[in-house]
Amino acid sequence: MLQTLLLYLYGSPTSCKESRILTKGGLFMIKIHNPIPIDKIGDPYVLYWDGIYYMYATSHVQGFYCWTSRDLDGWSEPVFCYKATERSFGNSMFWAPEVYEFNGKFYMYYTAHWKIYTGEQLRIGVAVADHPQGPFKDV
């Protein structure tokens, strides 16, 4: 079932805690502020699935963390959703993960250094999981 989610993101000098999610005319209106309370990341990507936002980012030397939120304001502690193993094609420089749901599976596309080369050889990898928080395993 294809659902359309429209978000109106706006800032306000008042606290985000006063009204996290408002509904008006069937649209979600979410009050958030910059910056979100997560640091030491880059290249964030957010997936909305089953009422929860999942954020993936360049976040660890050996893989990726995932954070969750119901309102784009309060975020969970990170969960290690992908960690490089002997089976992984990459061994370092993991960045820019994106996750897509297809036929009940979740596919993570990411960049990493290809471990068979000694020089810098960046490639795109694919990992799969049964849940948006992983664990993701290379295909």
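The legends below describe close-up views of a predicted model.

**View 1. The sheet β4-β5-β6-β7 is open and has four strands.**
Its pairing is antiparallel. In general, the strands of a sheet are held together by backbone hydrogen bonds, in either a parallel or an antiparallel arrangement. The edge positions belong to β4 (42-49) and β7 (79-83). Each of these has a single partner strand, so one side of each has no neighbour in the sheet. On average, neighbouring strands of this sheet are turned by 30° against each other, direction ignored.

**View 2. Strands β4 and β5 form a hairpin with two residues between them.**
Strand β5 covers residues 52-60, and six bridges join β4 to β5 in the antiparallel sense. Within this pairing, W49 stands opposite I52 in β5. In the hairpin, D50 takes a positive phi near 55°.

**View 3. Strands β6 and β7 are paired over four bridges.**
Strand β6 holds residues 63-69 and pairs with β7 in the antiparallel sense.

**View 4. The rings of Y65 and W67 make an edge-to-face pair.**
The model has 14 aromatic pairs in total. In the pair of Y65 and W67, the ring centres are 6.1 Å apart and the planes stand at 70°. An angle over 60 degrees counts as edge-to-face, which is why the pair is given that name. Y65 is partly exposed, with a relative accessible area of 23%. W67 counts as buried, at 5% relative accessibility.

**View 5. Y82 and F94 form a tilted aromatic pair.**
In general, two numbers describe a pair of aromatic rings: the distance of the centres and the angle of the planes. For Y82 and F94, the distance is 5.9 Å centre to centre and the angle between the planes is 50°. Y82 lies in strand β7 and F94 in strand β8, so the pair ties together parts that are twelve residues apart in sequence. Both residues are buried: Y82 has a relative accessibility of 1%, and F94 has one of 3%. Ring pairs also link Y82 and F94 with F64, F89 and Y110 into a cluster.

**View 6. The sheet β8-β9-β10-β11 is open and has four strands.**
The pairing in this sheet is antiparallel. Its edges are β8 and β11 (137-138). Each edge strand has a single partner strand, so one of its sides is left without a neighbour in the sheet. Strand β10, residues 122-129, pairs with β11 in the antiparallel sense over two bridges. In this pairing, A127 stands opposite D138 in β11.

**View 7. G90 is a buried residue of strand β8.**
The strand spans residues 90-102. G90 has a relative accessible area of 2%, and it counts as buried because this value is under 20%. Leaving aside neighbours within four places in sequence, G90 is in contact with A84, A112, H113 and K115. G90 and L122 are 32 residues apart in sequence, and their C-alpha atoms are 8.6 Å apart in space.

How values were computed
Residues are numbered from 1 along each chain as its sequence is written. This is a predicted model: local features need pLDDT of at least 70, side-chain atom pairs count only at pLDDT 80 or more; totals for chains, interfaces and linings use all residues. Side-chain values use heavy atoms; hydrogens and water are left out. Two strands pair if DSSP finds at least two bridges between them. Axes are lines fitted to C-alpha atoms, for helices over the stretch in contact, and angles run from 0 to 180 degrees between N-to-C directions. Buried means under 20% relative accessible area, exposed over 50%, partly exposed in between (1.4 Å probe, protein chains only). Contact means heavy atoms within 4.5 Å. Rings of Phe, Tyr and Trp (its six-membered ring) pair if their centres lie within 6.5 Å; planes under 30 degrees apart count as stacked, over 60 as edge-to-face and the rest as tilted.
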